[in-house]
Amino acid sequence: MNNSRAHAALSYRFLSGRGEPKDPEQALAWAQRAIAGRYSRGHYYEGYAFYQLGKRAEAFASMRRAQAAGVNGASETLAKWQQVADNE
């Protein structure tokens, strides 16, 4: 049984602090489980977890994989992050 969507949902909860304490390390672990189960939205959450951890290169790489997979919101997130990077 593939629980990748549930893994992604847990990743989101740890990223947002909704229902769980905010914890990007836990979010990253759950996102990577979703990715291992071939759920492309996991790349989106992995990117956000890396971003929250200050690992910008990894965050951009993950979000680009999400964008390439057609994950909704990935293009907008990349554009926003690029704008922030350009202003730093």
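Analyst: Helices are DSSP runs of H or I with at least four residues, numbered from the N terminus. Please note that this is a predicted model.

User: Thanks. Where is Ser62 placed?

Analyst: Ser62 belongs to helix H4, which covers residues 56-68.

User: Is Ser62 buried or exposed?

Analyst: Ser62 is buried, because its relative accessible area is 0% and the cut-off for buried is under 20%.

User: And which residues does Ser62 touch, beyond those up to four places away in sequence?

Analyst: Ser62 touches His43, Glu46, Gly47 and Phe50. With Glu46 there is also a side-chain polar contact of 2.7 Å.

User: Changing topic: how many aromatic pairs are found in the whole structure?

Analyst: The search finds 6 aromatic pairs. One of them is formed by Tyr48 and Trp81, with ring centres 5.3 Å apart and planes at 80°, so this pair is edge-to-face. The pair links distant parts of the chain, since Tyr48 is in helix H3 (residues 41-52) and Trp81 is in helix H5 (residues 74-86), 33 residues apart.

User: Why does Trp81 count as buried?

Analyst: Trp81 counts as buried because its relative accessibility is 2%.

User: What about the rings of Phe60 and Trp81?

Analyst: The centres of these two rings, Phe60 and Trp81, are 5.7 Å apart and the planes stand at 65°, so the pair is edge-to-face. Phe60 lies in helix H4 and Trp81 in helix H5, so the pair ties together parts 21 residues apart in sequence. Both Phe60 and Trp81 are buried.

User: Which residues form the aromatic cluster?

Analyst: One aromatic cluster is formed by Tyr12, Tyr44, Tyr45, Tyr48, Tyr51, Phe60 and Trp81.

User: Which residue lies over the face of Tyr44?

Analyst: Arg41 lies over that face of Tyr44, at 4.4 Å from the ring centre. Elsewhere, Arg33 lies over the face of Trp30, at 4.2 Å from the ring centre.

User: Now to Ser4. Which helix is Ser4 in, and is Ser4 buried or exposed?

Analyst: Ser4 is in helix H1, residues 4-16. At 5% relative accessibility, Ser4 counts as buried.

User: What is Ser4 in contact with, leaving aside neighbours within four places in sequence?

Analyst: Ser4 is in contact with Arg33, Ala34, Gly37, Arg38 and Tyr39. Arg33 is also the residue over the face of Trp30.

User: Lastly, what separates the C-alpha atoms of Ser4 and Met63?

Analyst: A separation of 18 Å lies between the C-alpha atoms of Ser4 and Met63, which are 59 residues apart along the chain.

Technical notes
Residues are numbered from 1 along each chain as its sequence is written. This is a predicted model: local features need pLDDT of at least 70, side-chain atom pairs count only at pLDDT 80 or more; totals for chains, interfaces and linings use all residues. Side-chain values use heavy atoms; hydrogens and water are left out. Helices (H or I, at least four residues) and strands (E, at least two) are DSSP runs, numbered from the N terminus. Buried means under 20% relative accessible area, exposed over 50%, partly exposed in between (1.4 Å probe, protein chains only). A polar contact is a pair of N or O atoms within 3.5 Å; within protein, one must be able to donate a hydrogen and the other to accept it, and residues adjacent in sequence count only if both atoms are side-chain atoms. Contact means heavy atoms within 4.5 Å. Rings of Phe, Tyr and Trp (its six-membered ring) pair if their centres lie within 6.5 Å; planes under 30 degrees apart count as stacked, over 60 as edge-to-face and the rest as tilted. A charge sits over a ring if NZ of Lys or CZ of Arg is within 6 Å of the ring centre and within 35 degrees of the ring normal.
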